[in-house]
Amino acid sequence: MEVNVLKNYKELSSTVADIVEAQIKEQPLSKLILPTGSTPLGIYEELVKRELDWSLVITFNLDVYLMNIDHPESYQSYMRKNLFNRTNIYPDHSHFPFRPTSAFEDKIDGSMGIDLCILGIGSNGHIAFNEPGSSFKSRTRVVELSEQTIEDNSRFFDSIDEVPTQAITMGLGTIMESKKIVLMANGVNKLNILNVAMNGEVTEDVPASILQNHDNVKVFYCD
Ligand code: GLP
């Protein structure tokens, strides 16, 4: 699998923003899957600057913590702050995983297919909150976060004890049904896991390795 190495984070952000922009311009009714975490922040900043027309776009977020959605570190707050409140997207058009999870899956199905899915990668190879060992056939469900993920994400909270231990995540099977997938990774600490996921064995121990089985994936990395 080809990994495109970019000069720096600015270039990573503008390259992925170019892909989102082209998608929305070509197909104003696009259905997108969107990520959270620190890596997409530059992409959202870039997309806001471009003042695109989001009025017909429908979005689905990859995952949410099981926590108060009004907490500043909830993924709902993150999306409102970094993207949704700064574009003309309709609040009714932006969806987050919810329970019953089968109803969320029905909502995705009802949208007639995802055009573009943007992903980050966790330091243990997770995508969304599909931790190592997740079934390649998994659908949206409630999951327990691994110790590694809780530790990695504790930087967003005052203490590690405040990090939620459960989440609702789209499944690997759900993600793989997207027509196009973009995976981005920022920082030398992601290089090893990215290499393992893209060039190593395709195994449920490394959730992102499933992407080797998809025929339209672009990977972007900067150190
Ligand atoms: C969280 C999210 C993932 C994201 C990962 C990496 O665990 N659930 O979707 O890919 O963090 O985030 P970062 O970009 O902050 O390294």
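This is a predicted model: local features need pLDDT of at least 70, side-chain atom pairs count only at pLDDT 80 or more; totals for chains, interfaces and linings use all residues.
Student: What makes α3 (residues 75-82) largely enclosed by the rest of the structure?

Tutor: Buried means under 20% relative accessible area. Six of the eight residues of α3 are buried, so the helix is largely enclosed.

Student: Which residues of α2 are buried, and what do they pack against?

Tutor: Gly42, Ile43, Tyr44, Glu46, Leu47 and Val48 are the buried residues of α2. Their packing partners are α1, β2, α3 and β9 (180-186).

Student: What does Leu47 touch, leaving out residues up to four places away in sequence?

Tutor: Contact means heavy atoms within 4.5 Å. Leu47 touches Ala17, Val20, Glu21, Leu52, Trp54 and Leu83.

Student: Which residues touch the most other members of the largest nonpolar core?

Tutor: That core has 38 residues, and those with the most contacts to other members are Val20, Leu32, Leu47, Trp54, Met79 and Leu83. The largest share of the core, five residues, comes from helix α1 (residues 9-26). Apart from this core lies another one of 31 residues, including Ile58, Phe136, Ile193 and Leu194.

Student: How do you know whether the whole chain agrees or disagrees with a compact globule?

Tutor: By its radius of gyration. For 223 residues, a compact globule would have a value near 17 Å; the chain has 16 Å, which agrees. The C-alpha atoms fill a box of roughly 40 × 40 × 35 Å along the principal axes. Of the 223 residues, 55% count as buried.

Student: How many helices and strands does the chain have, and what share of its contacts joins residues at least 24 apart?

Tutor: There are seven helices and 10 strands. Among contacts between residues at least 6 apart in sequence, 79% join residues at least 24 apart.

Student: What does the surface consist of, and how are the charges placed?

Tutor: The accessible surface is about 10200 Å², and 49% of it belongs to carbon and sulfur atoms. The chain carries 19 positive and 31 negative side chains, with the centres of the two sets 6 Å apart.

Student: Why is Ser30 called buried?

Tutor: The cut-off is under 20%. Ser30 has a relative accessible area of 0%, so this residue is buried. Ser30 sits in the loop between α1 and β2. Beyond four places in sequence, Ser30 touches Gln23, Ile24, Leu56, Val57, Ile58 and Asp115.

Student: How do you know whether Pro207 counts as buried or exposed?

Tutor: By the same cut-off, under 20%. Pro207 has 0% relative accessibility and therefore counts as buried. The residue lies in the loop between α7 (191-199) and β10 (217-222).

Student: What makes phi of Met112 worth noting?

Tutor: Most residues other than glycine have a negative phi. Phi of Met112 is near 65 degrees, a positive value in a residue that is not glycine. Met112 lies in the loop between α4 and β6 (116-119).

Student: Why is Met112 put in its accessibility class, and why is Ala128 put in its own?

Tutor: Exposed means over 50% and buried under 20%. Met112 is at 66% relative accessibility and so counts as exposed. Ala128 has a relative accessible area of 9% and is therefore buried.

Conventions: Residues are numbered from 1 along each chain as its sequence is written. Side-chain values use heavy atoms; hydrogens and water are left out. Helices (H or I, at least four residues) and strands (E, at least two) are DSSP runs, numbered from the N terminus. The radius of gyration is taken over C-alpha atoms; the globule rule is 2.2 Å times the number of residues to the power 0.38. Buried means under 20% relative accessible area, exposed over 50%, partly exposed in between (1.4 Å probe, protein chains only). Accessible areas come from the Shrake-Rupley method with a 1.4 Å probe; for residues, only the protein chains shown count as cover. Lys and Arg count as positive and Asp and Glu as negative; His and the chain ends are not counted. The place of a charge is taken as NZ of Lys, CZ of Arg, CG of Asp or CD of Glu. A nonpolar core is a set of buried Ala, Val, Leu, Ile, Met, Phe, Trp, Tyr and Cys residues joined through side-chain atoms within 4.5 Å.
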